[in-house]
Amino acid sequence: MDFAFVSGNPALDLAATVGSRRHEPIDGLATPADLERWIAECAELPDRVTADLTTFEAALSLREAIYRLALDRVLDRPFDPGGIKILNDAAAGPVPTIELGDAGLHVSGDLRATLSQLARSGATVLADPHARLKECGRTDCTRIYLDRSRGARRSWCGMDECGNRVKAAAYRARKRSSPAAGVRGPGTD
Ligand SMILES: [Zn+2]
């Protein structure tokens, strides 16, 4: 699975490592090595962490808590208390250290610190009354993202990930159902 970082917040990106949640869920984090790779690819997190089985399970538990709480926000209902506890417990730990250099910020820390950072980042966006959290408009995606666009008109988590796929499918459907499509002659496909 290729990881996409298009949610506008790393905690929401973590929650989106499970796709198609309501139909046939696809889990991008099947092993601790997948989690290590996801963290390395996430710009705001340490480059290199080691995940053992216990911290891996803690990460998955935090991920599911973030997803439930984000969905609570999308559906405008009170937060799930179990999810709140998992998030707050994770956020209470130490966070990664940052160092400024000519190459930019260097972020370092272990997996516990990384989870703490993710939990704090998630808590911040979930607590923000102005943050517009939406679920992607492509039915099978189920990614929740932060819509920062002017007028909050974004319909999809990302154009490459979903927007273009929805538009291409709609175009194919229109072509199939429109008899006029057949009279445009050869070479129009
Ligand atoms: Zn999407």
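Two residues are in contact here if their C-beta atoms, placed from the backbone, lie within 7 Å. With that in hand, welcome to this predicted model, which we will explore through one of its helices.

## The whole chain

The protein chain has 189 residues, of which 29% count as buried. Six helices and six strands make up its secondary structure, and they follow one another in the pattern α-β-β-α-α-α-β-β-α-β-β-α. Along its principal axes, the C-alpha trace spans about 65 × 40 × 35 Å. Looking at contacts with a separation of 6 or more, 54% are between residues 24 or more positions apart.

## Getting to know helix 3

Helix 3 covers residues 53-74, and its 22 residues should span 32 Å at 1.5 Å a residue; the end C-alpha atoms are 31 Å apart, so the two values agree. Just after this helix comes D76, with a positive phi of about 55°.

Which residues of helix 3 are buried? They are A59, L62, R63, A65, I66, Y67, L69 and A70.

| Helix pair | Angle | Axis distance |
|---|---|---|
| Helix 3 and helix 5 | about 5° | 11 Å |
| Helix 3 and helix 4 | roughly 125° | within 8 Å |

Take helix 5 to begin with. Its angle with helix 3 is about 5°, and angles under 35 degrees count as roughly parallel, so helix 3 and helix 5 are roughly parallel to each other. On the helix 3 side, the contact involves T55, A58, A59, L62, I66, L69, A70 and R73, which meet L111, R112, L115, L118, A119, G122 and L126 of helix 5. Sorted by class, the residues of this contact are eleven nonpolar, two polar and two charged.

Now turn to helix 4. Helix 3 and helix 4 are oblique to each other, because their axes cross at roughly 125°. The crossing of helix 3 past helix 4 is left-handed.

Conventions
Residues are numbered from 1 along each chain as its sequence is written. This is a predicted model: local features need pLDDT of at least 70, side-chain atom pairs count only at pLDDT 80 or more; totals for chains, interfaces and linings use all residues. Helices (H or I, at least four residues) and strands (E, at least two) are DSSP runs, numbered from the N terminus. A residue is buried if 20 or more other C-beta atoms lie within 10 Å of its own, exposed if 12 or fewer, and partly exposed in between; C-beta atoms are placed from the backbone. The expected span of a helix is 1.5 Å times one less than its number of residues. Axes are lines fitted to C-alpha atoms, for helices over the stretch in contact, and angles run from 0 to 180 degrees between N-to-C directions. Angles under 35 degrees count as roughly parallel, over 145 as roughly antiparallel, 65 to 115 as roughly perpendicular and the rest as oblique. Ala, Val, Leu, Ile, Met, Phe, Trp, Tyr, Cys and Pro count as nonpolar, Asp, Glu, Lys and Arg as charged, and the others, Gly among them, as polar. A crossing is left-handed if the near helix is turned anticlockwise from the far one by less than a right angle, and right-handed if clockwise.
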